[in-house]
Amino acid sequence: MALVVQKYGGSSVSDVDAMRRVARRIVATREAGNTVVVVVSAMGDTTDELLDQAAALTTDAPAREMDILLSAGERISMALLAMAVGELGVPARAYTGAQAGVLTDSKYGKASIVGVLPERVARSIQTGAVAIVAGFQGINEVEDTTTLGRGGSDTTAVALAAALNADVCEIYTDVDGLFTADPRIVPTAKRIESLSSEETLELAAHGAKILHLRAVEYARRFGVPLHVRSSFSDKTGTWIYDGRRQGAFVPSVVAAQLDDVVAADIATPGSPATPASAASAASPEAAPAGPASPSDPAGLDEGPSAAVVDSAHRNAIAARAQARPRPSAKEDHVEAPVISGIAHDRSQDKITLVGVPDVPGAAARIFAIVAGTDANIDMIVQDVSAEGTGLTNISFTCPDGDSATAREALEGAREELGFRSLHFNPDIGILSLVGAGMRSNPGVSARLFSALSEAGVNIHMISTSEIRISVVVDDAVLDEAVRAVHSAFGLDAQAAEAVVYGGTGR
């Protein structure tokens, strides 16, 4: 018997008929002999409707009250889905994020999970019921409701899967998995059978919207196998797994067994952790507690372990996890494909500072000002200093929602920074080529640049990692660039699978 966590997005539960379809899938999974925990998003456009209603009342809604409001969408979904499952003769219990033990910090609207104590969920499934949890939300240290921001429901599902040491976390969406490119642009794109989490992180970070970056990183950190598949068909989707397993992400307050889920009400004997300290120590998204030393400003020196699971319990669940067969990632095969897929991103703008003094500390001052606006930076390129001038140009990309405040802050500091002018280009696109096989196959860059050259596509910026090459091109030619590169690397399928490529929303 497997413990399966399933996450259903808003498009999968968009109306009553969709709810019934999802309920039948849940019941079928349980009748196949599995224990089932479900995480659900808000129905369809519920969140947008709530935002519109708030905007009609105020232009300055308090963040705390907005989180209470926006958490309502998932609560509606969880209750209705529990009713739909119950109508099929299977007991189901609905839980808010707080009731499910999802503990967060206090950053309203974009909270991070600091611990998961799924005692009530564990008790529920032990009795044979299906536990249905509202995604996208949790509770902070002062017992306020918080929301997790973009990708929050995916992250909730992965966090619960880690805490319960689930066999798999199934992410249900409106597509049949991850594809070698967006099928709306490349009709011959192929479904990818399996990916390493490293490759998936790169794809998610550079425009592939099916899985959110936070959820993938969480799954990678705690060794949670992911299966991305469609809620509208029974096809196998895309498996994401590295073969590692660190044990459950669960403080010692809760002992979640794999085969017979049993929740303990008190801390493991001999464990120094209390419920409060355990939650903070087990944070998957925060650095180890304690001030950074002057010699370690980034706080990277090795400190006390964040793992608080009782060692005997950890060893037992890890041994059982290791004994069960797992889906293989590409790197388990004889040869990993050179290229796994292509991502593209139209959501970024390019900012160039012209005539920056080429002196030590110039870049540090520039990006400290940008960081002060909470803007996220993706690619950075600095030109070679023009001979005899002592000046250089620095370009970077950032999300279009962040670029206005970043530009305003930089223009306000022009005299301090000493640059001559600022150029802004919102009409760019980023193409990213991702594949673990790049490590051992020379010539990938040459083939990429040749394909773009033959398609008449000019490159503005280049950024690389060990398994990724990203280029900035004009937005007007991005689609053609994706098609040209997809074909050049032999990723086209003989017959395209009929899919609709959509985002996960939350």
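User: Is Thr96 buried or exposed?
Analyst: The model is predicted, and the accessibility is computed from it. Thr96 has a relative accessibility of 8%. The cut-off for the buried class is under 20%, so Thr96 counts as buried.

User: What relative accessible area does Val216 have, and in which helix is Val216 found?
Analyst: Val216 belongs to helix α8, which covers residues 213–222. Val216 is classed as buried because its relative accessible area is 0%.

User: Which residues does Val216 touch, and how many Å apart in space are Val216 and Leu201?
Analyst: With residues up to four places away in sequence left out, Val216 touches Ser197, Thr200, Leu201 and Leu211. One of these, Leu201, is 15 residues from Val216 in sequence. From C-alpha to C-alpha, the two are apart by 6.2 Å.

User: Which residues of helix α15 are buried, and what covers them?
Analyst: Helix α15 spans residues 478–488, and its buried residues are Leu478, Ala481, Val482, Ala484, Val485 and His486. In an α-helix, residues three or four places apart point the same way, because there are 3.6 residues a turn. The cover over the buried residues of α15 includes β13 (341–345), β18 (428–434), α14 (444–454) and β20 (468–474).

User: Which residue with a positive phi follows α15?
Analyst: The phi in question is near 65 degrees. The residue that follows α15 with this value is Gly490.

User: Which residues form the negative surface patch, and is Asp45 buried or exposed?
Analyst: The patch consists of Asp45, Asp48, Glu49 and Asp52. Asp45 sits in the loop between β2 (35–40) and α2 (46–57).

User: For the chain, what percentage of the residues is buried, and what share of the contacts with a separation of 6 or more is between residues 24 or more positions apart?
Analyst: The chain has 15 helices and 20 strands. Of its 506 residues, 52% are buried. Among contacts with a separation of 6 or more, the share from residues 24 or more positions apart is 77%.

Definitions and conventions
Residues numbered from 1 in each chain as written. Predicted model: local features only at pLDDT ≥ 70, side-chain atom pairs only at ≥ 80, totals over all residues. Heavy atoms only, no water. Patch = residues over 30% accessible without salt bridge, like charges linked within 9 Å, V, L, I, M, F, W, Y side chains within 5 Å. Areas by Shrake-Rupley, 256 points an atom, 1.4 Å probe, with all protein chains shown as cover. Salt bridge = Lys/Arg side-chain N within 4 Å of Asp/Glu carboxyl O. Lys, Arg positive; Asp, Glu negative; His and termini not counted. Charge placed at Lys NZ, Arg CZ, Asp CG, Glu CD. Helix = DSSP H or I, 4+ residues; strand = E, 2+ residues; numbered from the N terminus. Buried < 20%, exposed > 50% of the residue type's maximum accessible area, 1.4 Å probe, protein only. Contact = heavy atoms within 4.5 Å.
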